[in-house]
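Q: I have a model open and would like to learn how to read its features. Can you walk me through a few of them?

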Number of protein chains: 2
Amino acid sequence: MSKRIKVKALLESTQTNIEVTVMGWVRTFRNNQFIALNDGSTNSNIQIVVDFENTDPTLLRRITTGAALSVTGTLVESLGKGQKFDIKATAIEVLGDSDPEKYPLQPKKHSLEFLREIAHLRFRTNTFGAIFRVRNSLAFAVHKFFQERSFVYLHTPVITASDAEGAGEAFKVTNLDLDRLPRTDDGQIDYKQDFFGKATNLTVSGQLEGELGAMALSDIYTFGPTFRAENSNTTRHLAEFWMIEPEMAFYDLEDNMDLAEALLKYTISYALEHNAEDIEFLTQRLADEDKQKPQNERSEMSLLEKLQFCLDNDFQRLTYTEAIDILKDSTPNKKKKFQYLIEEWGADLQSEHERYLVEKHFKKPVILTDYPKEIKAFYMRQNDDGKTVRAMDILFPGIGEIVGGSQREERLEKLEQRMGEMGIPTEELWWYLDTRRFGACPHAGFGLGFERLVLFVTGMGNIRDVIPFPRFPKNAEF
Amino acid sequence: MSKRIKVKALLESTQTNIEVTVMGWVRTFRNNQFIALNDGSTNSNIQIVVDFENTDPTLLRRITTGAALSVTGTLVESLGKGQKFDIKATAIEVLGDSDPEKYPLQPKKHSLEFLREIAHLRFRTNTFGAIFRVRNSLAFAVHKFFQERSFVYLHTPVITASDAEGAGEAFKVTNLDLDRLPRTDDGQIDYKQDFFGKATNLTVSGQLEGELGAMALSDIYTFGPTFRAENSNTTRHLAEFWMIEPEMAFYDLEDNMDLAEALLKYTISYALEHNAEDIEFLTQRLADEDKQKPQNERSEMSLLEKLQFCLDNDFQRLTYTEAIDILKDSTPNKKKKFQYLIEEWGADLQSEHERYLVEKHFKKPVILTDYPKEIKAFYMRQNDDGKTVRAMDILFPGIGEIVGGSQREERLEKLEQRMGEMGIPTEELWWYLDTRRFGACPHAGFGLGFERLVLFVTGMGNIRDVIPFPRFPKNAEF
């Protein structure tokens, strides 16, 4: 099979009148003469010109949407519009048929909802081909960014016995026979008999383990699946999603913000460079979708413009306290247009407030810092004011929170005190606290929700469309 | 903190007599004068020369093994042996103390078993620093290899409702309250009330979903965690491990073998190039360990030689049938030294047989193909002989099976027939079978156990030492 050339490489050919072999799937077959063949290497199809007068009609009938073909022929400059090359076929082999009566993907526009039901086939559409090639580039860009900065990629555990952060939203993992749960003398489930000898669950974050690595290797990052058993049926949440969590020794919050902003810009820029065609397609897709909306709901910028704008501008950095002042004074707050009115310092910001700051007030990505400690996690470094912590959230237009991070509390006493206040068991996290006992240092880190980045760069509206097989309440198909 | 320079970058400096700031952890402090400081960026320490006569004795007492320091000083050529540069300290700040009475890592050799108990701190040793930097390079090399070949990195689901491959070895995932399991009218556990509306478990392989991607994008790979609830307490098994699973449309078994061999060589070669110092350290470590063994158990080759040998030689390719003939005729079989004697065709190969072929007979990596269908999975392409399938296993010295793969059965009828014979429910895998219904094509793929690759390249003997926080029976600490 190795003489095959992929369509992407073919379209970059500098020669014509050479013999080539391509393999892929039929997108359309027009006039018994023109096959649009796609092999997933690019959004572009290669047009195969069939000498239909000298081709067996039985074969012609088998060239249907979805069929897999191997085509050998001569590469020629195309006479048609919209493509550079054609292949004049000299030999066509049908590798796999596709019954047009039964094939779910017809050469027409299908709704995203319908395509979600056939997620095993949606890779074969232009939209999802583009999305998953962009997702691929973003993932590789993440690795490349950190490797260029000598970070160590660390695989933190997926199954964990620690639920310090889970707050009851962690999935249970067990090997016990649920029909015959072993019990201790006092009637409790006997997890000693479970595979790991204790109750375990799926990780909600690799951060705590990541910090352990950073306290020796200086700079690490994780990139792995994380899980929330949260019953949210929104366009922004998944039960299983991928997170990138860098942790850096000897970093303060400024360093942390600089790194996160650089990472976002690097990955977006990498996708723009390597997936120009896909992003162009997705930009057009979004523009078409926008045309269906009333004038006042349409985007001011195209997808491509939005991505470029993000690269060209410094993210706006301000404190939570400053943000509250802006929000209090804002028109929607005064006119009571917000669902949750901002009345006093300490309020948790809702999506509507984040969107106002990003999309209306600053009109660019925003980094909010120094949140009230009450609405943030136990491990964030406490400020001297006794009220706030060195947290940072990065808010993106149309997405909301894309990054959440902080400088970590490296002072043992302060950390233990806060854990006490928040009811986090210190014994369970003895290993975490050890890093504060032995050679503690200022350090920081953040989490980037990978699917939210993919959402932003592809311009898609639903997070279920940017991961191959989404997991959400009542759905674990495929 | 941003003026800090990492030790690795510092050691590559072309200038001296410049002022630098380094931050890291004390490995040793000799004669109140020489600090060996390590920041994890390299195995090498930077030596800090302390002007002890003009330094506050209180500060000197706080410079203990494990303490975190920030040191500013002048970079000078070292007068001592074994290092290129020293830093003549002008300012030392203790960022975090480390009580020498309590710090578990003393400046002496600890056993690997002991270090496994304190896996949160073992990153701070030379051995584990080297292992996790090598692991990082291997992971990135995997991505780089596939990206250079235009493969799409696909995140297949971790939580799945399909247990076709699990054979009862999959961990259950649930959100039900185990103390109050909901029941249906006939007394069964009512999984409809579970988070996903059905029984789910942790994936044992992303292959089946990977094939769905390949049937549209041509070439994909996964790189993610996989799970086995197998009660094996060996040095080769983990309950949670990382797998790389490429799937390629329009590939036959030859193409598949070529790709796997190229991948292994590429990653090993990348690590040799980028982690020369770490691999040198690990080579020495293994040589020292070997010296403890009786002469006849020592390795013929050093770690470095073994890696180089692997790059320089074609892997030996032969069929299972040929291997059985060799094994039948082998001295250990005739002298009944094998625990499992090879008597007839069809026998499953044990570790001792694999090792004989690789380490004694061919003395290089071996690719075995065309195994009896009875000992292989349902999805492997059936050969015309009716007895064998187009499987391939790659066997490595000291490791055994490092890659398992096959050409996949693309013929719907043959596949359904085999599933029937093996009792695999076809309804549950409707989506998998759809790829054989619509545009099927010859395709192939394999799985590479990432930790086994890391084992091989680091020369470590126990798989629990090459993943940050190993999961195995009765252990899910950290």
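Q: What should I keep in mind about the model itself?
A: It's a predicted model, so to speak of local features takes pLDDT of at least 70 and side-chain atom pairs count only at pLDDT 80 or more, while totals for chains, interfaces and linings use all residues. Side-chain values use heavy atoms, with hydrogens and water left out, residues are numbered from 1 along each chain as its sequence is written, and chains are lettered from A and ligands numbered from 1 in the order in which they are written.

Q: How many aromatic pairs turn up over all chains?
A: Rings of Phe, Tyr and Trp (its six-membered ring) pair if their centres lie within 6.5 Å; planes under 30 degrees apart are stacked, over 60 edge-to-face, and the rest tilted. A search of the whole structure gives 55 pairs. One of them is F145(A) with F146(A), edge-to-face at 5.1 Å centre to centre and 85° between the planes. Another is Y320(A) with W345(A): their centres are 5.6 Å apart and the planes sit at 85°, so this pair is edge-to-face.

Q: Which parts does the pair of Y320(A) and W345(A) tie together?
A: Helices (H or I, at least four residues) and strands (E, at least two) are DSSP runs, numbered from the N terminus. Y320(A) belongs to helix 9 (residues 320-328) of chain A, and W345(A) to the loop between helix 10 (331-334) and helix 11 (351-361) of chain A, so the pair joins parts 25 residues apart in sequence.

Q: Is Y320(A) buried or exposed?
A: Buried means under 20% relative accessible area, exposed over 50%, and partly exposed in between (1.4 Å probe, protein chains only). Y320(A) has 0%, so call it buried. W345(A), at 29%, counts as partly exposed. F145(A) is buried at 0%, and F146(A) is buried at 0% too.

Q: How many residues of helix 14 of chain A are buried?
A: Nine of the nine in helix 14 (residues 450-458) of chain A, so the rest of the structure largely encloses this helix. Among them are E451(A) and R452(A). Just after helix 14 of chain A, G459(A) takes a positive phi of about 70°.

Q: What is the order of strands in the open sheet of chain B?
A: Two strands pair if DSSP finds at least two bridges between them. The eight strands of chain B run 6-10-11-16-15-14-13-12, with mixed pairing. Strand 6 (152-153) and strand 12 (316-319) of chain B are at the edges with a single partner strand each, so one side of each has no neighbour in the sheet. Strand 11 (residues 240-249) and strand 16 (residues 443-449) of chain B pair in the antiparallel sense over five bridges, and M248(B) stands opposite A444(B) in strand 16 of chain B.

Q: What rotation superposes chain A on chain B?
A: Copies are superposed by least squares on the C-alpha atoms of residues with pLDDT of at least 70 in both. The rotation is 180° with 0.0 Å of shift along its axis (RMSD 0.0 Å). That's the relation of a two-fold axis. Of the residues of chain A, V173(A) comes closest to the rotation axis, at 2.4 Å (C-alpha).
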